[in-house]
Amino acid sequence: MSEPRVRPDPAFELLGLYETALPEVYGYLLSRCGNPTVAEELASETFLGAVTACRRPEAPPVSTAWLIGVARHKLVDHWRRREREERGLRLVHEQEVETIDPWDGRLDALMARQVLDELGVHHRSALILRYVDGLGVPEVARLLGRTVHATEALLVRARSAFRAAYREKEGSDG
């Protein structure tokens, strides 16, 4: 009679990857949220969530790329929480949708980062997922819990808000 085999806990594989993956996960989060404290909290949430997720039977193999994906979801959840909090504090006045996007000028990266940080959470999250992470509109919509049409409209408003804030900052720095 053979003894039953014990399946090793996949979380041990995650533990082995922790030291090399943590700087990449933290760097990913910090570059998108711009706040070291938030990035640390989200990195912690990422690894805690990854422990639970990697124990599921259908979980993919543990890797740094997989952890970055988990971090992306944690970041989107953070943006959603912040958006709900901001919405509770004030009414959001939506700008009219602009259908033409002729703005093709070169951007100053540091100023663009500052402008992104000043935008509302809903605009910032949509722009970062679409243009920094390079995700398609359907993926951005899925991550933000919106329809594709609503996400396209959000991106138009977000680009318009970014453009206006950038031009204003550009004018005040000149």
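**Exercise 1. Determine which residue pairs with D133 in a salt bridge, and what parts of the chain the pair ties together.**

Solution. The model is predicted, so local features are taken only where pLDDT is at least 70 and side-chain atom pairs count only at pLDDT 80 or more, while totals for chains, interfaces and linings use all residues. Residues are numbered from 1 along each chain as its sequence is written, and side-chain values use heavy atoms, with hydrogens and water left out.

Step 1: apply the criterion, which for a salt bridge asks for a side-chain nitrogen of Lys or Arg within 4 Å of a carboxyl oxygen of Asp or Glu. D133 meets it with R32, whose closest N and O atoms are 2.5 Å apart.

Step 2: Because R32 belongs to helix 1 and D133 to the loop between helix 5 and helix 6, the pair ties together parts that are 101 residues apart in sequence.

Step 3: check the surroundings, where buried means under 20% relative accessible area, exposed over 50%, and partly exposed in between (1.4 Å probe, protein chains only). Both D133 and R32 are buried.

Step 4: look for further partners. R72 joins R32 and D133 in a network of salt bridges, and a search of the whole structure gives seven salt bridges.

**Exercise 2. Describe the salt bridges R113 with D117 and R142 with E139, giving their distances and the exposure of each residue.**

Solution. Step 1: R113 and D117 meet through their side chains at 3.1 Å, N to O, and both residues lie in helix 4, four residues apart, about one turn of the helix. R113 is partly exposed at 21% relative accessibility, and D117 is likewise partly exposed, at 37%.

Step 1: R142 and E139 form their salt bridge at 2.6 Å, N to O. These two residues are three residues apart in helix 6, a separation of about one helical turn. R142 has a relative accessible area of 49% and is partly exposed, and E139, at 28%, is partly exposed too.

**Exercise 3. Identify the residues with the most contacts inside the largest nonpolar core, and the elements that give two or more residues to this core.**

Solution. Step 1: a nonpolar core is a set of buried Ala, Val, Leu, Ile, Met, Phe, Trp, Tyr and Cys residues joined through side-chain atoms within 4.5 Å. The largest one has 46 residues, and those with the most contacts inside it are V25, L29, W66, L67, L129 and F162.

Step 1: the elements that give two or more residues to this core are helix 1 (11-33), helix 2 (36-54), helix 3 (64-89), helix 4 (109-118), helix 5 (121-132), helix 6 (137-144) and helix 7 (148-173).

Step 2: take L67 as a worked case, with contact meaning heavy atoms within 4.5 Å. Leaving aside its neighbours within four places in sequence, L67 is in contact with L14, L17, A21, V25, T46, F47 and A50.

Step 3: turn to helix 5, which is mostly covered, with nine of its twelve residues buried. Among the buried residues of helix 5 are H122, H123, R124 and L129. After helix 5 comes G134, whose phi is positive, near 75 degrees.

**Exercise 4. Classify the aromatic pair Y18 and F47, and then the pair F162 and Y166.**

Solution. Step 1: rings of Phe, Tyr and Trp (its six-membered ring) pair if their centres lie within 6.5 Å, and planes under 30 degrees apart count as stacked, over 60 as edge-to-face and the rest as tilted. This rule gives two aromatic pairs.

Step 1: Y18 and F47 are 4.8 Å apart, centre to centre, with 70 degrees between the planes, and the pair is edge-to-face. The pair links distant parts of the chain, with Y18 in helix 1 and F47 in helix 2, 29 residues apart. Y18 is partly exposed at 36% relative accessible area, whereas F47 is buried at 8%.

Step 2: the ring centres of F162 and Y166 are 5.8 Å apart and their planes stand at 25 degrees, so this pair is stacked. Both residues lie in helix 7, four residues apart, about one turn of the helix, and both are buried.
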